[in-house]
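Here is a quick tour of a few helices, strands and rings. Have the viewer open and follow along.

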Amino acid sequence: MATGRNHRPATRSRGIPEATVARLPLYLRALTALSERSVPTVSSEELAAAAGVNSAKLRKDFSYLGSYGTRGVGYDVEYLVYQISRELGLTQDWPVVIVGIGNLGAALANYGGFASRGFRVASLIDADPAMTGKVVAGIGVEHTDRLERIIEDNGVSIGVIATPAGAAQQVCDRLVAAGVTSILNFAPTVLSVPEGVDVRKVDLSIELQILAFHEQRKSGELEAGEAAGQDTAAPAAPPAVSVTRRGAADAGGEAGAGNDSEAGPDGDVPAVMPA
């Protein structure tokens, strides 16, 4: 099996849009679940519903892969699993290093989904000498002094940063200098990288803030609905009072709309990947 470095996926050279690339893992997850249930074929509508997109978008995405399905039959599940896995580069071995083995780094190291999705945790690295030699998820933790050697020996092109924010940029610079060209960043900071290096940021606090926004908006809509119900039951107010109340409600609605950061179906707005 080929290893990570010098074996990049062909999606960019084939002109597949980034929004489509971002949805391919969603399709793969839904297809894998179908495959595990021994479902042989799936319609575009069923697969789109499982992936959380509309069927027209799904068919457009699959057209970039050269897969159009069969009318009246749908898509062959096993073939699509292979096709998307190949497009994402998951039919080869991708060695990964995780830098920063605190609570988050240890949780990532113990994640069982890496191996089944084409990723092999080649090394766990931490700056704390007290961590050196400790075994996490069956792998011995190594000191950051050996970072460059580890990357070279294992042909690593993907690095995961789970350090505190203050150390993340320095770790990133060392990873890039050693040959890493893709970084998954869990540190709560924005990394600066040269052209040709891809960074995906996972910020749980941002995701929670977005959810808090939606909760606040739902709460406001509920309160507005209750207020409207009370107004209906109460005696008719003079026109001037009614206009004033409505104007205030409209102003609140406009303020909420102005802050609306809700992601569209393309998934272009959220800060994650998910990972």
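Two strands count as paired if DSSP finds at least two bridges between them. Helices (H or I, at least four residues) and strands (E, at least two) are DSSP runs, numbered from the N terminus. Bear in mind that this is a predicted model: local features need pLDDT of at least 70, side-chain atom pairs count only at pLDDT 80 or more, and totals for chains, interfaces and linings use all residues. Numbering starts from 1 along each chain as its sequence is written, and side-chain values use heavy atoms, with hydrogens and water left out.

Let's start with strand 8 (residues 182-185). With strand 9 (residues 198-201) it pairs in the parallel sense over four bridges, and L184 sits opposite R200 there. Strand 7 (residues 158-161) also pairs with strand 8 in the parallel sense, again over four bridges, with I158 facing S182.

In a regular strand the side chains alternate between the two faces of the sheet. Here S182 and L184 point one way, I183 and N185 the other, and all are buried (under 20% relative accessible area; exposed is over 50%, partly exposed in between, with a 1.4 Å probe and protein chains only).

Now helix 7 (residues 147-154). Which of its residues are buried? They are L147, I150 and I151. These cover an arc of only 95° around the axis, which puts them on the same side of helix 7; the arc is that of the directions from the helix axis to the C-beta atoms. E152 and D153, on the other side, are exposed. The buried residues pack against strand 3 (94-99), strand 4 (119-126), strand 6 (139-143) and helix 8 (165-177). After helix 7 comes G155, with a positive phi near 60°.

On to the rings. Rings of Phe, Tyr and Trp (its six-membered ring) pair if their centres lie within 6.5 Å; planes under 30 degrees apart count as stacked, over 60 as edge-to-face and the rest as tilted. The count comes to three aromatic pairs, including these:

| Pair | Centre to centre | Angle between planes |
|---|---|---|
| Y27 and F62 | 5.0 Å | 75° |
| Y111 and F114 | 5.2 Å | 85° |

Y27 lies in helix 1 (residues 18-36) and F62 in helix 3 (residues 55-64), so their pair ties together parts 35 residues apart in sequence.

Technical notes:
Contact = heavy atoms within 4.5 Å.
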